Structure formats: C-alpha cells, structure tokens
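Please keep the sequence and the structure at hand while reading.

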Amino acid sequence: MATINKNYLRLQGSYLFSRIGEKVRNFQSENPDKKIIRLGIGDVTRPIAPAIISALHSAVDEMGQESTFKGYAPDLGYEFLRNAIAENDFKARGCDISPDEIFVSDGAKGDCSNIQEIFGADNKIAVCDPVYPVYVDSNVMAGRTGEYDDITEGYKDVIYMPCTRENGFAPDLPQEVPDLIYLCFPNNPTGAVITKDRLQEWVDYARKNGSIILYDAAYESFITEEGIPHSIYECEGAKECAIEFRSFSKTAGFTGLRLGFTVIPKDLTAGGERLWPLWARRHGTKYNGAPYIIQKAGEACYSQEGRAQIKEQVAYYLENARYIYDGLKSAGYEVYGGVNAPYIWLRTPGELTSWEFFDQLLEKVNVVGTPGSGFGPHGEHYFRLTAFGSRENTIEAIERIKNL
C-alpha cells in the first residue's frame with residue numbers, strides 16, 4: 001500500500017499567499033464592483049526592458065534555425081551567462097567567484113528550498129523571525145523539524161532568531177549553534193539591511209562553529225546606501241562557510257520568465273565533504289536547465305543598455321517605496337524598510353492583529369497587503385506592503401489607507 005510523506009502533515013494551513021489569494025477572491029466575488037489594489041504579493045508590474053526583449057526575440061529566431069538551434073542547456077548553465085554573472089555581480093565588487101561556481105536555475109525560490117536536500121536530516125536550522133516561509137516549510141517537508149507548537153507558534157527543533165525594531169530587524173547571533181543558517185538581506189519581509197561589519201560577524205561565527213550560511217541576496221539590486229554588502233562574499237572567509245542565492249525576478253522583472261542562480265564555492269565543505277559536487281549531482285539529476293532563450297535574456301541584463309534600463313526600473317519601484325513610506329509616516333504609522341528594499345514593514349494601528357488589519361484594509365479601502373504573522377510570530381502586529389505596483393495604483397492605495 002502506498003503511503004505519504006507524513007512530514008507534509010506538519011505544515012500549518014495553506015501557503016501564506018494562497019490564503020491571501022482565497023480571501024481576495026471571495027471578497028471580489030461578493031463585491032464585483034470594487035477596485036482592489038494589490039500590494040501584497042511581490043510580483044512586478046513594469047514590462048521587460050527593451051534590451052532584454054530584443055535579446056529574447058533574437059534567441060527565439062535562433063531556435064528556428066538548424067544551425068543555431070539549442071536543446072538541453074549545460075548542467076551549470078550556459079557559459080556566456082555564467083561569465084557575465086561572475087564578472088558583473090562578483091568580480092566587479094572584489095569577490096573571487098569563478099563562473100564554474102555558479103549554477104543557473106529557474107529562480108531563487110526553488111534553490112532556497114531545494115538546497116536542503118544535500119544536507120543531512122539531523123542538521124538544525126536557524127531562521128530569522130519573521131521569515132520568508134519557504135525556508136521553514138521546505139525543511140518541514142524534509143523532516144528536519146519537530147512538530148508545530150501552538151504556544152510558541154513555531155516548529156520544535158528550529159532556532160528562531162527574533163528580528164525586532166530593537167535590533168533593527170537584523171538577528172543577533174544565537175546562543176544555540178545551528179548547522180544551517182538562513183539569512184536574507186535586503187530582507188523579505190521587513191525591508192531591513194545588514195552592514196558589512198555585522199555580516200562579517202555572522203561569517204566569523206559560522207567559520208568558528210562549522211555552520212553553513214544560506215544567504216538569499218535576491219533583492220541586492222535595490223541597495224542604495226553605502227556600506228551595505230551586495231554579496232556575502234564581500235566578507236573575508238565567506239567562501240569557507242556560505243552559499244548565495246540570486247534572482248532576476250525583481251531585479252529585471254523576470255517573475256514570468258524565471259531565472260536565478262546559486263553560488264557554491266568549489267572548496268566549501270560540510271562534514272569534510274565538498275558541497276559543490278553534491279549540488280552538481282542534484283542539479284544534473286533533477287533539473288534540465290533554464291531555457292536557452294531565457295538565459296540569453298539574462299545575459300542581456302548585463303549589457304550596457306540592459307543595465308541602464310534595469311536601473312531605471314529599480315528606481316521606479318524604489319520611488320513607489322518612498323511614496324508608501326512617506327505617506328504612511330505622515331499618517332502616523334510606524335514604518336520601516338523601503339530605502340534599500342522594495343518592501344515596507346509597518347506596525348498595525350492600536351492592538352489590531354496583522355490579519356485583523358488585513359481584513360480592515362480589504363473590506364474598507366480594498367487594498368491588499370500581507371499580514372506579518374504569516375512570516376512568523378515576531379511578525380504579529382506588523383504588515384508588509386510591496387512597491388511593485390504601478391505608480392497610479394500605489395498613490396491611490398496610500399491615499400485610501402491614509403483616509404482609513
């Protein structure tokens with residue numbers, strides 16, 4: 001008789017954004033005349049940049065000619081893209097990352113989830129609280145956590161690192177030493193960043209204790225301030241303890257095209273075993289590579305035209321973020337983020353829970369955001385808004401909230 005993976009039964013309710021989607025659909029069906037403005041899920045709205053569209057068209061034409069047709073992509077990704085990534089994202093910032101340490105994929109979400117497969121089930125993970133749900137849920141599915149505790153609102157055998165306004169929403173080093181440490185900066189959901197000095201402390205901590213840092217840098221292109229690292233490999237010794245994830249989704253608007261990459265240094269080890277061959281085997285066995293036309297689009301992101309056009313798009317979203325931040329601040333809200341990230345993290349008014357505030361926004365002013373408690377217990381009484389809407393909708397949404 002077939003059986004199921006019972007670890008899935010430990011998952012709590014539906015995926016956060018599925019629950020939000022259901023609530024919004026129900027409200028819309030009951031109120032078809034209402035204009036709902038969605039600033040919840042971090043999906044982009046600006047069209048793909050012209051230089052990238054041109055590269056896509058050219059690549060599609062290549063696929064129609066026998067002499068230039070491409071089938072399966074190389075396991076690590078095409079060399080033209082990995083070379084561009086190594087040169088522009090790492091060497092340009094003084095990071096010694098080679099093209100063959102870069103694994104091209106269809107996005108950071110899958111890689112952040114799948115990376116746990118190359119580590120033992122007995123590894124203890126540490127996550128920020130609040131946290132991007134995929135980090136925890138993927139480890140629950142793998143059986144690396146204990147049962148869910150209704151009192152603590154977390155899973156047993158997981159080290160939760162509180163991120164609060166008191167510590168600038170950047171966690172303190174945990175007293176109990178974890179094996180795997182998930183860090184995300186600029187942070188989703190809080191929009192917080194970490195200085196190079198503080199990140200160096202994490203690298204030193206991981207090296208001292210034999211831990212591996214799983215560093216999600218999907219939003220690094222939104223960094224505007226000096227002294228904020230774009231890559232963990234800007235820190236001394238990081239190649240000895242860190243894996244980094246990157247994405248084209250928010251940087252270049254590839255949420256519908258799907259492209260990302262993971263960096264695993266060749267000499268990075270755990271338990272005396274090199275991790276690069278393990279991920280290479282997993283990658284080659286379970287994945288057939290991002291399509292050629294998408295990788296050509298990725299390469300175009302690093303062209304002179306592509307970089308300039310993407311910079312304009314990032315600036316557009318950051319201007320939305322500034323408008324949200326300033327508008328809510330002027331209305332008396334306690335607001336964070338929005339400077340080096342496309343997310344704004346606000347304190348819910350009074351004693352409203354984050355889901356109560358969600359319902360109030362949806363029902364009274366028809367604006368959708370994301371309840372902070374969906375990211376973890378320390379997200380309670382907070383709420384996330386994204387800057388990825390159109391300018392018109394962003395302005396209208398903030399005016400509605402100010403008049404709530």
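The buried residues of helix α8 are Y292, I294, Q295, K296, A297, G298 and A300, where buried stands for a relative accessible area under 20%, exposed for one over 50% and partly exposed for the range in between, with a 1.4 Å probe and protein chains only. The model is a predicted one, in which local features need pLDDT of at least 70 and side-chain atom pairs count only at pLDDT 80 or more, while totals for chains, interfaces and linings use all residues. Residues are numbered from 1 along each chain as its sequence is written, and side-chain values use heavy atoms, with hydrogens and water left out.

**Helix α8 and its cover**

- With 7 of its 9 residues buried, α8 is mostly covered, and what covers those buried residues includes α2 (50-63), α3, β2 and α9.
- Within α8 (residues 292-300), E299 and K296 lie 3 residues apart, about one turn of the helix, and their side chains meet in a salt bridge with an N to O distance of 2.9 Å; the term requires a side-chain nitrogen of Lys or Arg within 4 Å of a carboxyl oxygen of Asp or Glu.

**Overall architecture**

- Along its principal axes, the C-alpha trace spans about 60 × 55 × 50 Å.
- Buried residues make up 53% of the 404 residues, and of the contacts with a separation of 6 or more, 73% are between residues 24 or more positions apart, a contact being heavy atoms within 4.5 Å.
- The accessible surface comes to about 17800 Å², of which 47% belongs to carbon and sulfur atoms, as computed by the Shrake-Rupley method with a 1.4 Å probe.

**Charges and further salt bridges**

- The mean positions of the 42 positive and 56 negative charges are 2 Å apart, where Lys and Arg count as positive and Asp and Glu as negative, with His and the chain ends not counted, and where each charge is placed at NZ of Lys, CZ of Arg, CG of Asp or CD of Glu.
- The salt-bridge count for the chain comes to 21.
- One of the salt bridges joins K239 and D96, whose closest N and O atoms are 3.9 Å apart; K239 lies in the loop between β8 (212-216) and β9 (242-247) and D96 in the loop between α3 (79-90) and β2 (102-105), so the pair ties together parts that are 143 residues apart in sequence.
- In this pair, K239 is partly exposed at 28% relative accessibility, while D96 is exposed at 57%.
- Another salt bridge links E399 and K402, with closest N and O atoms 3.5 Å apart, and these residues, 3 apart in helix α11 (residues 391-402), are separated by about one helical turn.
- Both count as partly exposed, E399 at 30% and K402 at 34%.
- Salt bridges that share partners join D89, E220, E244 and R246 into one network.

**Surroundings of Y325**

- Y325 is placed in helix α9 (residues 304-330) and is partly exposed, with a relative accessible area of 24%.
- Leaving aside residues up to four places away in sequence, Y325 touches V335, Y336, G337 and I344; G337 is 12 residues from Y325 in sequence and 7.9 Å away, C-alpha to C-alpha.

**Backbone details**

- The peptide bond from F185 to P186 is cis, with omega near -10°, and P186 is found in the loop between β7 (180-184) and α6 (196-209).
- The peptide bond from N188 to P189 is cis with omega near 25°, and P189 is likewise placed in the loop between β7 and α6.
- E153, a residue other than glycine, has a positive phi near 60° and lies in the loop between β4 (148-149) and β5 (154-155), where E153 is partly exposed at 43% relative accessibility.
- N366 has a positive phi of about 60° although it is not a glycine; N366 sits in the loop between α10 (354-365) and β15 (367-368) and counts as buried at 9% relative accessibility.

Note on methods
Helices (H or I, at least four residues) and strands (E, at least two) are DSSP runs, numbered from the N terminus.
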